Amino acid sequence: MVTLAEVARHAGVSASTVSYVLSGKRSISATTRERVERSIRELGYHPNAGARALASARSNIIALMIPPRTDLYVPVMMEIAVAVATTARAHGYDVLLLTGEEGPDAVRRVTGSGLADAMILMDVEPEDERLPLLRGSYRPSVLIGLPAEAGGLTCVDLDWTATGALCVEHLAGLGHRDIAVVGEAPAVYERHTGFAERTLDGLRARARRTGVRVLHRPCEGGYDAMAATLARILDERPGTTGFVVRNESAVEPLLTLLRRRGRAVPEDVSVVAICPDQVAVQASVRLTSVAIPAQEMGRHAVEHLMAKLAGRGDDQVVLIAPELTVRASTGPAPAVS
């Protein structure tokens, strides 16, 4: 293992100069800093984490609490987590992964022990029992999600209300007047998950303004569940010509079932999905979709956390504007015969 003294000898400076370059505690000339940094790279030196933490009173670790739930789309959660980890690493921080099942106990453990310098929480519920602990802690935190009351917190999320409205606006503009929403699993709505409820709020509000009827049905996802959900939708609203899918695992089953019922997409039925671009472009019909900006959400969360750690960040709510990409799954509503 390369030592700090070896870096100093290689760079032709004192050990204290190397330490100052690493800590940033004193001003070092650009030439000397460049020489030290070049030696660090060439020798492959890595500062001892324990010693660095003692010297700086920081661990250079961010705690990331992710949801353990099986009723949420795991690839999106992992994409956010990867974006958090890579952005944190670019700032010289490592990520400690925690599962949300520990709830407030994990927040107490991290904020009270100095295990991490800051926290990022995912899967935020409207009345989240972890939030009072964050508000009472001096350690910075950022939420990926939006609680019912965001005062005193920094939150990053997609604007789900605008997302729902954008889907209805697109279909209404094509002449569709009966729209069905294939939602997440029932448990997601039973616990009043924020993104799911806000999406519905946006859908329904824009539907009222545009004179569109909206029928929402939760769905577990998968072929059998989607078959039962579609049968129920068409029994209740046989004139449905537009679908908004807010459940990635239901996308391909819905397209298959529509084909088997003789309903062509987009000639007879239009489908809009709220999903990652990868899901939309790899579907059997390339889907018109609103993308979930997972990487952007993860990056924003870390950048705001870094600003807070540097004493520059204010509490704020950052809502990312949705973008709808038109592909092959939407078209004009069929003429009424």
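Which residue with a positive phi follows α5? Gly92 does; its phi is near 85 degrees.

1. **Ground rules.** This is a predicted model, in which local features need pLDDT of at least 70, side-chain atom pairs count only at pLDDT 80 or more, and totals for chains, interfaces and linings use all residues. Residues are numbered from 1 along each chain as its sequence is written, and side-chain values use heavy atoms, with hydrogens and water left out.

2. **The whole chain.** The chain holds 14 helices and twelve strands. Both are DSSP runs, numbered from the N terminus: helices are H or I with at least four residues, strands are E with at least two. Along the principal axes, the C-alpha atoms fill a box of roughly 85 × 40 × 35 Å. Of the 337 residues, 50% count as buried. Buried means under 20% relative accessible area, exposed means over 50%, and partly exposed lies in between (1.4 Å probe, protein chains only). A contact means heavy atoms within 4.5 Å. Among contacts with a separation of 6 or more, 71% join residues 24 or more positions apart.

3. **Helix α5.** This helix covers residues 74–90. Its 17 residues should span 24 Å at 1.5 Å a residue, and its end C-alpha atoms are 24 Å apart, which agrees. The expected span is 1.5 Å times one less than the number of residues. The buried residues of α5 are Val76, Met77, Ile80, Ala81, Ala83, Val84, Thr87 and Ala88. They cover an arc of only 160 degrees around the axis, so they sit on the same side of α5. The arc is that of the directions from the helix axis to the C-beta atoms. These buried residues pack against strands β1 (61–66), β2 (94–99), β3 (118–121) and β4 (141–144), and against helix α14 (294–309).

4. **The cavity.** A cavity is a set of points, on a 1 Å grid over the protein atoms alone, where a 1.4 Å probe fits but cannot get out; lining residues have an atom within 4 Å of a point. Grid points are joined across faces, edges and corners, and a volume is the space filled by probe spheres set on the points. The count is one cavity of 30 Å³ or more. The largest cavity has a volume of about 280 Å³. Its lining has 22 residues, and Met77, Asp157, Trp160, Phe195 and Met297 lie nearest its centre. Helices α5 and α10 (194–210) are the elements that give two or more residues to this lining.

5. **Gly164.** This residue lies in helix α8 (residues 160–173). Gly164 counts as buried because its relative accessibility is 0%. Leaving aside neighbours within four places in sequence, Gly164 is in contact with Thr199, Gly202 and Leu203.

6. **Helix α11.** Residues 223–236 form this helix. Met226, Thr229, Leu230, Ile233 and Leu234 are buried in α11. Seen down the axis, they fall within an arc of 130 degrees, so they line one face of the helix. On the other side, Asp224 and Asp235 are exposed. The buried residues of α11 pack against β6 (178–182), β7 (213–217), β8 (242–245) and α12 (251–260).

7. **Helix α12.** Seven of the ten residues of α12 are buried, so this helix is largely enclosed by the rest of the structure. Among the buried ones are Val251, Pro253 and Leu254. Their cover includes α11, β8, β9 (270–274) and α13 (277–282). Just after α12, Gly262 takes a positive phi of about 80 degrees.

Methods. On a 1 Å grid over the protein atoms alone, a cavity is a set of points where a 1.4 Å probe fits but cannot get out, and a pocket is an open set with protein on both sides within 12 Å along at least five of seven lines; lining residues have an atom within 4 Å of a point.
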